[in-house]
Amino acid sequence: MKRMPPIQKNDMLELPIQGLTADGQGVGRMGSYAVFVKGALPGEVVRAHTIKANSSYGVAKLVQVLKPSPDRVSPRCPAYARCGGCSLQHLSYEAQLRAKTEQVRDALARLGGFSEIQVQPALGMEEPWAYRNKGSFPVALGEEGLQIGFFAPHSHRLVPLESCYIQDPGVMAAALAIRDWAREWQVPPYDEERHTGILRHAMARASQQGVLAVVVTTGPLPHKEALVEKLRRAVPGLVGIVHNRNRAASNVILGKEYETIWGSGRLQVRLCGLDFSVSPASFLQVNPRQTQRLYEKALDMLALRGGETVLDVYCGIGTISLLLARHAGHVTGVENVPEAVEDARMNARNNGIENVDFICAPAEEALPGLVEARGPLDAILLDPPRKGCDPAALQAILKSGAPRLVYVSCDPATLARDCRILAQGGYLPRFVQPVDMFPHTAHVETVVLLGREFEKSREHVYLDYEPSKEIDLPGGATYSEIKQWIQAEYGLKVSSLYVAQVKQKHGIVERECYNKPKSENAKQPKCPPEKEAAIEAALKHFKMI
Ligand code: SAH
């Protein structure tokens, strides 16, 4: 029998808010009936207009905050109310971290059955802005012509953007340059419904090396020279421009055809003291500062001594594999995107790391054979996409007998589900550390250490693990981070050229455009000694030297 909802459509509610959903909406409860109110925060009392009243839950639109939360802040971004990119800008950063810790605890308790496990406070960023090293912007026709932006929540309606506080400025500059080129040359935006038009996405990725721009179109690229010219003028440190052609009538961003139309088709990224080359199709964590901390945690949890045999499952371009290989006997990476596996192999060669191999296959197909072929295994690292691990992959891991697992997850719900399956097979979570990779959004990354329990009883026993304080990998701050630090500490302005010169002096590989004179004879200004000292101090501060 259908339950009668306690509210009806169009009711005006006065509602106390108790919780926050995994996508950042406020939740008010009327007995066991939940009402979701976007923009409302726990601890608040709000007036809200009911727009949906199902038998199991309701949705209401925030009209007025009657009693605000002490954690409520003004969102920094003017497009925040409309854009689907961020969902927690109205919550103070400290409270966002608490909410994320709670989200992980709640998922592990409710969906995993681990109600007693302690979850460490989420590791936050010191400066939680301008952190995203990649942006993919859809395009659409607006009042002022072609626009780039993000989609509104749960829709394909474009919210035009001129700036974005969470993006790296280089990414934004490239995307806007692609937009301006399209406006100037009247390149029509792609229309998803009619499958007409040309420009689909403006994309860019940034690193210490510079910016790689990717322009995605349905057909041949028109006005190519003008695009190259526009991007080169607008984007300092542009490394390359790639044209990707996507003819598919789907919302997948990248197609199969790539052509480098200027400069390099790949981007160099320095992470944890290693150099990685990334192609546009490969996955790379989007927050470099926090990635370093996440990887440090994972490495610490694995407690490698040097001779171990390790699997890195869902390895992407081999970032974690190479890091682990420096501390282990042998590492095998498993990844199903061929471009990423090619990148991984190249990265191993470029870093002179020989004790790794990479297998290009879906984990669920490769693992059953691999745990036998590579066994006995000492440790397995898992870093699956949001949907978590396939049951066949988990079963193979259970059979492996590896004493330690480290599970890196970007979705607490699938993490909890998979941990439950692993616990049934004898692996219990021992340490849970959320890391905030995505400030101002409701997403949270978690790294979990699981250990094999010799079952003494049916009770869950959580073994202790003491995080080590010593682990501290070499860092990789961006140019703007270095410059900002020097400005704050020394009150000095330094140019990227000077930073590049000092980095090069210390053997840090540099982007061509900053450190090479245009011609061999061209004179470049030399970094004065006081600035050099400040830059060296910054490089030490960021643990790059
Ligand atoms: N560990 C890497 C990548 C993590 S993202 C890093 O930190 O950068 C997850 C990766 O899993 C992606 O590279 C994706 O291409 C890959 N992947 C997705 N489904 C897979 C599957 N079934 N088998 C193997 N790899 C898969």
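Q: Which residues are closest to the ligand, and how many surround it?
A: In this predicted model, 17 residues surround the ligand, and the closest are Tyr295, Tyr314, Glu335, Ala363 and Asp383.

Q: How does that shell split by class?
A: The shell around the ligand has 10 nonpolar residues, 4 polar ones and 3 charged ones.

Q: Which elements give two or more residues to the shell?
A: Helix H5 (319-325) and helix H7 (363-373) do.

Q: Switching to salt bridges. How many are there?
A: The count comes to 20 salt bridges. One of them joins arginine 72 to glutamate 44, with the closest N and O atoms 2.7 Å apart.

Q: Why does that pair tie together separate parts?
A: Arginine 72 is in the loop between strand E6 (57-67) and helix H1 (93-110), while glutamate 44 is in the loop between strand E4 (33-37) and strand E5 (45-53), so the pair connects parts that are 28 residues apart in sequence.

Q: Is glutamate 44 buried or exposed?
A: Glutamate 44 is buried, at 1% relative accessibility.

Q: What about arginine 105, what does it form a salt bridge with?
A: With glutamate 102, and the closest N and O atoms are 2.7 Å apart. Both residues lie in helix H1, 3 residues apart, which is about one turn of the helix. Arginine 105 is partly exposed at 34% relative accessible area, and glutamate 102 is partly exposed at 40%.

Q: And lysine 505, which glutamate does it pair with?
A: Glutamate 532, with the closest N and O atoms 2.4 Å apart. This pair links distant parts of the chain: lysine 505 is in helix H11 (residues 496-505) and glutamate 532 in helix H13 (residues 529-541), 27 residues apart. Lysine 505 is exposed, with a relative accessible area of 53%.

Q: Last one: which residues are linked in a network of salt bridges?
A: Glu162, Arg179 and Asp180 are linked that way.

Conventions:
Residues are numbered from 1 along each chain as its sequence is written. This is a predicted model: local features need pLDDT of at least 70, side-chain atom pairs count only at pLDDT 80 or more; totals for chains, interfaces and linings use all residues. Side-chain values use heavy atoms; hydrogens and water are left out. A salt bridge is a side-chain nitrogen of Lys or Arg within 4 Å of a carboxyl oxygen of Asp or Glu. Helices (H or I, at least four residues) and strands (E, at least two) are DSSP runs, numbered from the N terminus. Buried means under 20% relative accessible area, exposed over 50%, partly exposed in between (1.4 Å probe, protein chains only). A residue is near a molecule or strand if one of its heavy atoms lies within 4 Å of it. Ala, Val, Leu, Ile, Met, Phe, Trp, Tyr, Cys and Pro count as nonpolar, Asp, Glu, Lys and Arg as charged, and the others, Gly among them, as polar.
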